[in-house]
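Me: Could you walk me through some features of a structure? I'd like to learn how to read them.

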Amino acid sequence: MEIAIIAHDGKKAEMVQFLNEHANFFHQKHIELVATGTTGSKVERAGFKVTSFLSGPIGGDAQIAGRVAEGKCKMVLFFRDPLEKHPHEPDVLMLLRICDVHDVPLASNPASAVLLIKGLSGS
């Protein structure tokens, strides 16, 4: 199962912490992580296997949206920073829209991500 992980700059450490807290889930053989560029490099340094695409502001969000539209990506964890301005906000909104169009679960914060992980784990 392909899971996309994306985090705005102010949320990248929180994403790494989340992955570490749920490492047993994310290190399973059937889980494949994909990420936007900078998030992916931070996650990789934390010891996770991840395929990284472009950084979000230069097209990474659009690349992930394309994978959702193609049916490759089955879940998106996108820790957004609602208190900061983001120059690529149109791409962010497009990704959220594509997740809705293709009925792909999307968590925008750790609390909702925990619920998705628990749902997949059956706990």
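Reply: Buried means under 20% relative accessible area, exposed over 50%, and partly exposed in between (1.4 Å probe, protein chains only). One caution: this is a predicted model, where local features need pLDDT of at least 70, side-chain atom pairs count only at pLDDT 80 or more, and totals for chains, interfaces and linings use all residues. Residues are numbered from 1 along each chain as its sequence is written, and side-chain values use heavy atoms, leaving out hydrogens and water.

Me: Which residue forms a salt bridge with K12?

Reply: A salt bridge is a side-chain nitrogen of Lys or Arg within 4 Å of a carboxyl oxygen of Asp or Glu. For K12 the partner is D9, with the closest N and O atoms 3.7 Å apart. D9 itself is exposed, at 66%.

Me: How many salt bridges does a search of the whole structure find?

Reply: Five. Among them, E2 pairs with R67, their closest N and O atoms being 2.7 Å apart. E2 sits in strand β1 (residues 2-7) and R67 in helix α4 (residues 60-69), so this pair ties together parts 65 residues apart in sequence. Helices (H or I, at least four residues) and strands (E, at least two) are DSSP runs, numbered from the N terminus. E2 is buried too, at 8% relative accessibility.

Me: And what about R80 and E89, buried or partly exposed?

Reply: R80 is partly exposed at 25%, and E89 is partly exposed at 23%. Their side chains meet in a salt bridge of 3.2 Å, N to O.
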